[in-house]
Amino acid sequence: MAQAKAAVWKTSNNAYACILAYYTYSRLYMNKNDIVDILEDIAVLLELKGENPFKIRAYSGGARALEAMEENLGEVIAEDRLGSLKGIGSALVDKIQTLYATGELAYYTKLRDSIAPGLIEMLEIPGLGGKKVKKLHDALGVESVDALQKVCELGKVAALKGFGAKSQEKILIGIANRANYAKRHLWWKAHDIARPILEGLRALPEVDRAEIAGSLRRLKETVGDLDFIVASAEPEKIMEWFTEQDTIQEVTARGATKSSIRFESGLQADLRVVPSEQFAFALHHFTGSKEHNVAMRQRALAQGFSLSEWGLKEVSTQELVVGASSEEELFSLLGLPEIPPELREGMGELELNAMPELISSDQIRGVFHNHTTASDGHASIEEMAQAAADLNFDYLGLADHSKASFQANGLDEARVFRQIDEIFRFNESDQSSIHVFSGIECDILSDGSLDLEDSTLEALDYAVMSVHSSFSQSQEEMTKRVIRAIEHPATTMLGHPTGRILLRREPYQIDLEKVIDAAIANRVIIEINANPSRLDMDWRLWRRAAEKGLMCAINPDAHNTEGLSYFEAGVNIARKGGVPKEQILNCRDCAAVAKWFKDRS
Ligand code: DGT
Ligand code: CA
Ligand code: CA
Ligand code: ZN
């Protein structure tokens with residue numbers, strides 16, 4: 001049974017790798033893992049074309065052989081030894097060398113171009129690999145996701161050999177999720193687009209004030225669209241600049257004081273220009289959330305006022321009350337302290353006795369869950385430590401994968417001990433201001449046991465335990481499994497506790513209330529995985545969990561040096577969850593962290 005599940009996961013994983021490969025493709029510098037992804041991608045595409053199985057196996061087998069290779073790929077290529085590796089045939093040697101040297105491969109580009117884009121899109125639906133997409137195409141003539149949805153709704157897929165009612169249902173759910181996902185964007189990417197626009201607006205001489213509003217300002221994990229609010233007496237000039245930026249795909253609305261634009265990624269942006277005296281009210285209104293605005297309006301009404309983006313009016317006379325030049329003043333007109341944007345979600349923030357003190361990025365002294373070239377990372381211990389020093393950290397935790405994550409080149413016991421040695425030597429050498437803690441991201445196996453021996457885990461400074469397999473267990477099984485891992489004495493932290501990939505993959509079924517209680521009882525930390533596509537444990541659960549005493553770590557899960565900067569996205573979530581700095585391990589100094597690892601206090 002476990003075997004069958006693993007196989008299903010592997011298929012959908014292949015399609016997923018396929019998408020990932022395309023993102024990294026044509027990057028000038030390609031490492032082993034990027035190349036493995038592309039070889040897997042080629043195998044899936046060949047399957048889709050119905051090529052002969054030997055050819056397909058040459059690529060999928062080659063991918064696996066390359067993945068399992070422990071040596072440095074650059075050296076192997078330089079010494080011309082690629083062809084002598086078991087599983088890498090002569091046809092692949094050339095292609096791997098070309099990818100390594102140039103980051104491109106004409107064969108791969110041609111292959112992708114020879115397939116209808118709709119079929120490649122179908123590979124993004126969980127559970128559909130090359131073979132199944134080909135079958136759907138051959139048997140039912142579908143060439144797009146829309147067409148696939150139609151034949152599913154007609155029940156034609158259920159009737160196909162090898163599919164059935166269950167997989168038809170799963171495909172429909174996958175298509176629905178995909179449509180929802182397409183409407184939203186990761187905060188991290190949206191912020192990248194928004195920041196230069198804000199700077200551009202602020203640089204205009206006609207602009208008095210400019211701010212980002214909406215969900216981006218509230219630091220939500222995903223955003224629907226961008227909202228900009230500008231104070232100016234000359235709106236035309238601002239509209240002109242906004243609608244004529246050269247990064248724009250389409251101007252979807254252009255008015256005297258309000259315009260909307262769309263970028264190539266599908267992301268849209270609204271701009272509103274208001275007179276300076278309205279700015280605080282407009283900024284507050286368009287920051288939202290809707291639920292927060294409703295609560296604010298009710299509070300105003302109870303005091304005899306009506307609140308809107310225009311200002312605060314006396315209900316009885318319809319007279320404008322004395323204005324507000326800042327949001328702080330606006331809140332104080334209603335007898336409230338200034339509520340930070342990230343807390344404005346209509347979740348009781350008006351009733352808080354005291355505003356929680358939110359952490360900031362400069363309070364972060366180091367990070368714990370990061371990968372190196374030992375498993376599936378792209379940088380060495382030295383390179384990661386240098387990047388940590390560049391971020392002004394004091395320490396860096398390395399947590400490579402364990403052996404059950406074979407697709408990520410996870411470490412077995414011997415390799416763990418070798419890495420502990422390397423880290424020890426690195427720290428002894430005094431070559432860096434960074435202290436490196438030796439950790440592991442150890443797989444929680446399907447029954448809740450751990451992937452490494454107790455004696456190995458004990459030799460490390462700390463261990464992050466994560467689920468990377470059997471995602472489709474029932475909520476009861478998954479909850480029991482994770483709690484069993486939490487109760488293991490070697491467990492320091494729980495990694496990405498729901499397995500979700502924002503806008504791509506739903507969380508697995510798990511009762512996080514029970515998991516939180518178990519973590520508190522065992523003094524186990526739950527991470528905020530700061531990868532912008534994960535960001536779990538979700539901020540919605542943090543305020544109550546932190547009040548109950550749960551400890552937090554902000555973990556960038558970096559796979560390269562740039563990935564360390566993801567810690568900022570984790571800080572956003574800690575702010576949004578109102579987690580106090582005393583309960584965030586990263587806010588402690590090196591000695592205090594070492595002490596926590598020893599005695600959990
Ligand atoms: P998003 O874009 O879906 O990620 O979320 P928001 O919160 O940015 O929503 P958006 O862009 O539709 O509107 C920005 C803010 O404007 C929203 O948070 C609250 C305010 N707003 C917009 N429409 C309404 C409404 O119908 N009622 C109320 N109370 N506020 C609204
Ligand atoms: Ca918005
Ligand atoms: Ca909007
Ligand atoms: Zn992981």
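Lys161 is exposed, with 73% relative accessible area (exposed is over 50%, buried under 20%, partly exposed in between; 1.4 Å probe, protein chains only). Lys161 sits in the loop that joins helix H9 (145-153) to helix H10 (164-182); helices are DSSP runs of H or I, at least four residues, and strands are runs of E, at least two, numbered from the N terminus. A quick note on the ground rules: this is a predicted model, where local features need pLDDT of at least 70, side-chain atom pairs count only at pLDDT 80 or more, and totals for chains, interfaces and linings use all residues. Residues are numbered from 1 along each chain as its sequence is written, chains are lettered from A and ligands numbered from 1 in the order in which they are written, and side-chain values use heavy atoms, leaving out hydrogens and water.

**Charged patches**
- Lys161 teams up with Arg57, Lys131 and Lys135 in a positively charged patch on the surface. Patch members have over 30% relative accessible area and no salt bridge, with like charges joined within 9 Å; a salt bridge is a side-chain nitrogen of Lys or Arg within 4 Å of a carboxyl oxygen of Asp or Glu.
- On the negative side, Glu382, Glu383, Asp421 and Glu422 form a surface patch. Helix H17 (381-390) and helix H18 (413-429) are the elements giving two or more residues to this negative patch.
- Glu422 belongs to helix H18 and is partly exposed, at 41% relative accessibility.

- His468 is in the loop between strand E13 (464-466) and helix H20 (475-486), and His496 in the loop between strand E14 (493-494) and helix H21 (512-521), so the pair ties together parts 28 residues apart in sequence.
- His468 is buried at 13% relative accessible area, and His496 is buried at 2%.

- Asp227 is buried at 10% relative accessible area, and Asp270 is buried at 12%.

Notes: Patch = residues over 30% accessible without salt bridge, like charges linked within 9 Å, V, L, I, M, F, W, Y side chains within 5 Å. Areas by Shrake-Rupley, 256 points an atom, 1.4 Å probe, with all protein chains shown as cover. Lys, Arg positive; Asp, Glu negative; His and termini not counted. Charge placed at Lys NZ, Arg CZ, Asp CG, Glu CD.
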